[in-house]
Amino acid sequence: MAKTLEFPDLLRLIEERSDAFRAAVASAADLGVRVPSCPDWTLFDLVQHLGGVHRSWAANVAAGPADGPALQRGTTWEGPLAAPREREALLTWSAESTQLLLNALREAGPDRGCWTWWGASESPQTSGAVARHQVQEATVHTYDAQLTVGTPSPLPTDAAFDGVDEFLTTCCATTSPWPHPPATIDFHATEGRSWRLSLSPTGAATSTPTPSTPTASARGAAGELVLTLYGRMSVDSLEVSGDRGVFDLLEAWEPED
């Protein structure tokens, strides 16, 4: 499906969401507090994770086409992944991590090939697709950080709209066989956009919904759909119709490719 954001918009959103992420971290009373939406992590762990993700993808984009990730165990092209524990140094390290990613993406442009883990999906293995996915990485983890320190802000509308499409085409679309009876799931954003995910023995594919009745459907604000797809909200918080169980099957599915 057609993406809704151009490359400069993706870079802008990565920067804006990463800045908002660090603002939330800076306001925390304790970096050792648990993240409610990622209960195995502390806030420090969350910062270290996002910074490591930025550095790792910076390395992959800079390396260009490859058979595997550029990251070596525990290190990136810029040095150790371990983040400093002191808050000011940690925030500086996080900002440097974001800048490494943005610099690599700007240098590569949107069409350069690079290794990605979503080789069998509907998303291309390009720096532009990396940027698109990193908008969602920064957006969802900003939600995590804001939730940890208080009340999270609604997801930006442009990131949320693109986030539903990006998740379905990158994280769901696959040629790996669906191991259950064929099904279709429609996702409807109350702001006026819809997506269909078709699940069959040939895999999972996205399309625009047709008048045919889906196996199940979910309706909510685009931001709510994104947070549900990423496991931050229960599907039961949305307006659900049809076979509720198919959402559980989708969440538990681990494609082989």
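Analyst: Glu16 is partly exposed, at a relative accessible area of 38%. The model is predicted, so that value is computed from predicted coordinates. Its salt-bridge partner is Arg12, with the closest N and O atoms 3.4 Å apart. Arg12 is partly exposed too, at 30%. Both residues belong to helix α1 (residues 7-26). They sit four residues apart, about one turn of the helix.

In total, the structure holds 12 salt bridges. Side chains of opposite charge can pair when their charged atoms come close. Another case is Asp144 with Arg232, at 2.7 Å from N to O. Asp144 lies in helix α4 (residues 127-149), while Arg232 lies in the loop between α6 and β9 (239-242). The pair therefore ties together parts that are 88 residues apart in sequence. Is Asp144 buried or exposed? Asp144 has a relative accessible area of 0%, so it counts as buried.

Asp236 and Arg244 give a further salt bridge, with the closest N and O atoms 2.8 Å apart. Here Asp236 is exposed, at 53% relative accessibility. The cut-off for exposed is over 50%. Arg244 has a relative accessible area of 26%, so it is partly exposed.

Arg85 lies over the face of Phe44, at 3.8 Å from the ring centre.

Now the ring pairs. A pair of aromatic rings is described by the distance of the centres and the angle of the planes. The structure holds six aromatic pairs. One of them joins Trp117 and Trp118. How accessible are the two partners? Trp117 is partly exposed, at 44% relative accessibility. Trp118 is buried, at 2%.

The rings of Trp178 and Trp253 also have their centres 5.0 Å apart. Their planes stand at 90°, so this pair is edge-to-face. Trp178 sits in the loop between α5 (157-172) and β5 (183-189). Trp253 sits in the segment after α7 (245-252). The contact therefore ties together parts that are 75 residues apart in sequence. Trp178 is buried, at 4% relative accessibility. Trp253 is buried as well, at 13%. The cut-off for buried is under 20%.

Ring pairs also build a cluster. Its members are Trp57, Trp115, Trp117 and Trp118.

Last, the pocket. The largest pocket has a volume of about 380 Å³. Its lining counts 18 residues. Which of them lie nearest the centre of the largest pocket? They are Thr228, Leu229, Phe247, Leu250 and Glu251. Helices α5, α6 (222-229) and α7 each supply at least two residues of the lining. The largest share, four residues, comes from α7. By class, the lining has 12 nonpolar, three polar and three charged residues.

Notes
Residues are numbered from 1 along each chain as its sequence is written. This is a predicted model: local features need pLDDT of at least 70, side-chain atom pairs count only at pLDDT 80 or more; totals for chains, interfaces and linings use all residues. Side-chain values use heavy atoms; hydrogens and water are left out. Rings of Phe, Tyr and Trp (its six-membered ring) pair if their centres lie within 6.5 Å; planes under 30 degrees apart count as stacked, over 60 as edge-to-face and the rest as tilted. Buried means under 20% relative accessible area, exposed over 50%, partly exposed in between (1.4 Å probe, protein chains only). A charge sits over a ring if NZ of Lys or CZ of Arg is within 6 Å of the ring centre and within 35 degrees of the ring normal. On a 1 Å grid over the protein atoms alone, a cavity is a set of points where a 1.4 Å probe fits but cannot get out, and a pocket is an open set with protein on both sides within 12 Å along at least five of seven lines; lining residues have an atom within 4 Å of a point. Grid points are joined across faces, edges and corners, and a volume is the space filled by probe spheres set on the points. Ala, Val, Leu, Ile, Met, Phe, Trp, Tyr, Cys and Pro count as nonpolar, Asp, Glu, Lys and Arg as charged, and the others, Gly among them, as polar. A salt bridge is a side-chain nitrogen of Lys or Arg within 4 Å of a carboxyl oxygen of Asp or Glu.
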